[in-house]
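Colleague: I'd like to learn how to read a helix pair in a model like this one. Can we walk through it together?

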Amino acid sequence: MGSVSFPLVTTFAKEASATCDPALRRRMATMERRLLRGDFKGFEAFYETVSMDSRCYLVVARLTMQGAIGSGNTALFSRVLDDVRAYPRRCGLPLAQLAVDITEVWLRQFLDVPDGYPDWLLDGSMRGVPAEWRLMTCYLMVKMFLVRREYVKAQATAQVALYLVPERMLSPASSMYLKFVLALSMQGQGRVEESLPLFREAVKGAAEQRAALPFLDLAMGTKSALYTALKEEAPELLRKVRSLSPDFFRNKVRFHNLFTGGQFTELLSPREFFVASSLRHGLRYKEIADRLGVEVSGVNGITKSIYSKLGVHGFAELGGKVW
């Protein structure tokens, strides 16, 4: 199998491939494969090997921040984030600020931050984005709309990327991720049956690469299309996802708080947080029950547990605790 490449792995894609030494490119590919498979060890040492002068620096920074989130290393995350924000004035490269802005967009959607996105991205514009970055930016746009629960916009953007870009221009990982986010956008609209074939295609691609990372913050509803696809197409991958998910979810909540200074709570289980967030965004008990594969009474019980843990007495107070 060739090296795996995320849709957004290279902020300076062409320059990086041309100017990074072969040994560094091999190390980046190795660390990226580790991330895909849910192995978050060794990223601090990896970060020490690359200076800010390298055209591959932002790639290494992104990979390191993902590794820090997965392992719970808040000190490493904070250090790299500070370095990234200082990057434009220190490196002097053209378009450095745009590259950092796009890196922060990636970080916001990875940590489920629904606000703080640049106006041009919210407007669906690619103005000022070089042609070689546009597929990656389109993918980030889809993820932003998913985080913001704007599922129709997410679907439209994913379809543009997936169906209007020639297949030869998509890496296997790009195709997998785009199918995955397209399926998520359809499921968000309640179109579960339509999303299932896309989830199956994405899961097959993930299973070939042993890629657990895209599914680690999954709320495991037994009637969700993604759960069904994992169970039917990749049962070994499903077992790995379920073993890694609780710690990964809690780490994401911690780093969300660190990044935003917000009120994202660490007290809730993944399922409780899924219910709390869904209620906060206006879903009805029946819709939540359908997504989780439980009875409405089960959602009611989960909600009571949420209120008890957070010390709130109703929906109005819940909004102050969960975005």
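**Reading a helix crossing**

Modeller: Helix H6 passes helix H8 in a left-handed crossing, where left-handed means the near helix is turned anticlockwise from the far one by less than a right angle. Bear in mind that this is a predicted model, with local features needing pLDDT of at least 70, side-chain atom pairs counting only at pLDDT 80 or more, and totals for chains, interfaces and linings using all residues. Residues are numbered from 1 along each chain as its sequence is written, and side-chain values use heavy atoms, leaving out hydrogens and water.

Colleague: Within what distance do the axes of H6 and H8 come, and at what angle do they cross?

Modeller: Axes are lines fitted to C-alpha atoms, for helices over the stretch in contact, and angles run from 0 to 180 degrees between N-to-C directions. Here the axes of H6 (residues 96-110) and H8 (residues 134-147) come within 9 Å, crossing at roughly 35 degrees.

Colleague: Which residues in H6 and H8 meet?

Modeller: Contact means heavy atoms within 4.5 Å. From H6, Ile 102, Val 105, Trp 106 and Gln 109 meet Met 136, Thr 137, Leu 140, Lys 143, Met 144 and Val 147 in H8.

Colleague: And how many helices and strands are in the protein chain?

Modeller: Helices (H or I, at least four residues) and strands (E, at least two) are DSSP runs, numbered from the N terminus. The protein chain has 17 helices and zero strands.

Colleague: Where is Arg 284 placed?

Modeller: Arg 284 lies in the loop between helix H14 (270-280) and helix H15 (285-292). Its C-alpha is 9.6 Å from that of Val 296, twelve residues apart in sequence.
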